[in-house]
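Subject: Structure for your review

Dear colleague,

Please find below the structure that I am handing over to you, with its sequence.

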Amino acid sequence: MTLVDRMRARVARSGYGYPLWMALTVSIGALAAAAAALVQRDAVVPPRWALLWALIAVSPVLFDLATGGKMPRPLMAVLAIAGTSVLLVEPVESDFAPFILVILAAEVAATATLPVSVAAAVCMLVALVVPATAGRLEGAPLYATAVVIGWTVGFVVLTQLRLLQQERAARASLAEQAATGERQRIAREVHDVIAHSLSVTLLHLTAARRALQQDEDLDEAVAALTDAERQGRQAMADIRRTVGLLAAGPSGTRPEPGVGDLGDLVDDFRRAGLRVEYQVRGDPADVPPSVGLGLYRITQESLANVAKHTPAATAEVDLDIGSAQVTLSVRNDTPATPTTATGPGSGVDGMRRRADLLGGSLRAGPGPRGWLVHAEVPLDTDSTGWSCALRRRVQEAP
């Protein structure tokens with residue numbers, strides 16, 4: 001393992017992801033301070049006892065470089081304080097030995113817990129106060145201030161790095177929530193498209209079978225099969241467009257359906273043999289795209305449920321577009337209860353979720369004349385055409 005690899009391992013063991021240059025700067029600074037202290041004491045050539053104590057003082061740095069940061073931080077502080085204290089038994093003018101404590105105080109504060117770093121800083125200050133009290137160390141207040149500053153710098157760096165990690169974790173959580181919400185939205189879209197297309201297609205196929213079995217009307221059967229084929233191709237196109245939302249690039253320019261397309265939706269079910277009465281009051285252009293898509297999908301799911309559970313019933317779709325809200329009612333004359341949910345975003349739960357996201361409400365259950373789905377959605381929009389209720393929910397999301 002090279003020296004750079006050991007430095008990276010030392011940084012990784014701190015658990016905070018400090019840059020490599022920061023660890024390298026601390027190591028070089030501590031070694032330089034120890035070397036300067038030895039030169040001041042003429043302890044290099046020939047070697048003297050001061051060399052041993054200087055090596056003990058910087059042994060945490062040397063051990064970390066050799067093992068990749070395996071030395072415990074409390075032991076690092078003890079060795080640094082012990083070695084430097086012995087060096088200060090015979091201090092010199094403008095002594096560099098205390099700067100070993102300054103540098104290691106910063107490192108311990110940046111890599112250890114708060115109690116450990118505070119205890120280490122206090123012990124370092126004591127190591128400076130004792131020789132200063134004996135009158136052997138000049139400039140002790142300056143050295144003590146430098147130790148406090150070094151500890152403060154290390155603690156501030158540690159605090160900022162912890163806040164940065166918390167922010168990254170929060171962003172990752174938000175990204176996961178956004179991805180989950182997008183997957184659920186796409187699941188609702190795919191479910192609605194498939195439920196609608198299969199319901200209509202099955203009605204066409206049923207009509208074709210009856211035309212062949214009961215009436216022996218080949219032309220009617222061919223017409224029904226043609227409509228089923230058209231509906232299937234349209235469903236495949238819708239599914240491709242919806243699944244295309246998972247891709248990184250744009251999925252196409254075809255606009256999402258809205259309340260203006262409800263007439264075509266009703267006609268699809270009518271051609272499939274379902275009796276549907278449709279009435280609209282107000283201008284569909286007043287409905288924003290986000291609200292229109294939600295109401296379209298609610299109507300689509302409601303009619304698909306009618307076709308699935310009571311194909312012989314008569315369904316009524318009533319859309320009332322007012323100045324403040326839009327009201328949608330879908331009822332059929334047979335009190336059959338559709339499945340509430342078969343998965344995320346499906347059935348009645350999915351329709352209720354759509355209305356809730358738009359700031360509205362939805363009720364589904366037995367009504368005066370059969371089964372009733374009743375949705376009310378506010379029409380407060382901003383300049384971009386989005387529902388203000390939907391925009392507020394997006395902005396208030398955690």
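Arg281, Asp318 and Asp320 are joined to one another in a network of salt bridges. Please bear in mind that this is a predicted model. A search of the whole structure finds eight salt bridges, and I describe three further examples here.

Aspartate 95 is paired with arginine 41, and the closest N and O atoms of this salt bridge lie 2.5 Å apart. Because aspartate 95 belongs to the loop between helix 5 (73-87) and helix 6, while arginine 41 belongs to the loop between helix 2 (20-40) and helix 3 (49-57), the pair ties together parts that are 54 residues apart in sequence. Aspartate 95 has a relative accessibility of 1% and therefore counts as buried. Arginine 41, at 9%, also counts as buried.

The loop between helix 5 and helix 6 also holds serine 94. Phi of serine 94 is near 55°, a positive value in a residue other than glycine. As background, most residues other than glycine have a negative phi. Serine 94 counts as exposed, with a relative accessibility of 55%, whereas aspartate 95 counts as buried.

Two salt bridges lie within single helices. In the one formed by glutamate 167 and arginine 171, the closest N and O atoms are 2.7 Å apart. Both residues are part of helix 8, with four residues, about one turn of the helix, between their positions. Glutamate 167 is partly exposed, with a relative accessible area of 38%, and arginine 171 counts as exposed at 55% relative accessibility. The other salt bridge joins the side chains of arginine 352 and aspartate 349, at 3.4 Å from N to O. These two residues are three residues apart in helix 12 (residues 347-357), again about one turn of the helix. Arginine 352, with a relative accessible area of 35%, is partly exposed, and aspartate 349 likewise counts as partly exposed at 40% relative accessibility.

I turn next to the aromatic residues. The structure holds three aromatic pairs. Phenylalanine 99 and tyrosine 143 form one that is edge-to-face, with 5.8 Å from centre to centre and 90° between the planes. This pair links distant parts of the chain, since phenylalanine 99 is in helix 6 (residues 98-111) and tyrosine 143 is in helix 8 (residues 140-215), 44 residues apart. Phenylalanine 99 counts as partly exposed at 34% relative accessibility, whereas tyrosine 143 counts as buried at 7%.

Tryptophan 151 and phenylalanine 155 form a stacked pair, with 5.2 Å from centre to centre and 5° between the planes. Both residues belong to helix 8 and are four residues apart, about one turn of the helix. Tryptophan 151 is buried, with a relative accessible area of 17%, and phenylalanine 155 is partly exposed, with 28%. Ring pairs also join Phe96, Phe99 and Tyr143 into a cluster.

Helix 10 (residues 262-271) and helix 11 (residues 289-309) pack at an angle of about 10°, and their axes are 11 Å apart. Since angles under 35 degrees count as roughly parallel, helix 10 and helix 11 are therefore roughly parallel to each other. On the side of helix 10, the contact is made by Leu262, Leu265, Val266 and Phe269; in helix 11 they meet Tyr296, Thr299, Gln300, Leu303, Ala304 and Ala307. The residues of this contact divide into eight nonpolar and two polar, with no charged residue.

Finally, some totals for the protein. It has 13 helices and five strands. Of its 398 residues, 41% count as buried. Among contacts with a separation of 6 or more, 68% are between residues 24 or more positions apart.

Yours sincerely

Terms used: Residues numbered from 1 in each chain as written. Predicted model: local features only at pLDDT ≥ 70, side-chain atom pairs only at ≥ 80, totals over all residues. Heavy atoms only, no water. Axes fitted to C-alpha atoms, helices over the stretch in contact; angles between N-to-C directions. Parallel < 35°, antiparallel > 145°, perpendicular 65-115°, else oblique. Contact = heavy atoms within 4.5 Å. Nonpolar A, V, L, I, M, F, W, Y, C, P; charged D, E, K, R; others polar. Phe/Tyr/Trp six-rings, centres within 6.5 Å; stacked < 30°, edge-to-face > 60°. Buried < 20%, exposed > 50% of the residue type's maximum accessible area, 1.4 Å probe, protein only. Salt bridge = Lys/Arg side-chain N within 4 Å of Asp/Glu carboxyl O.
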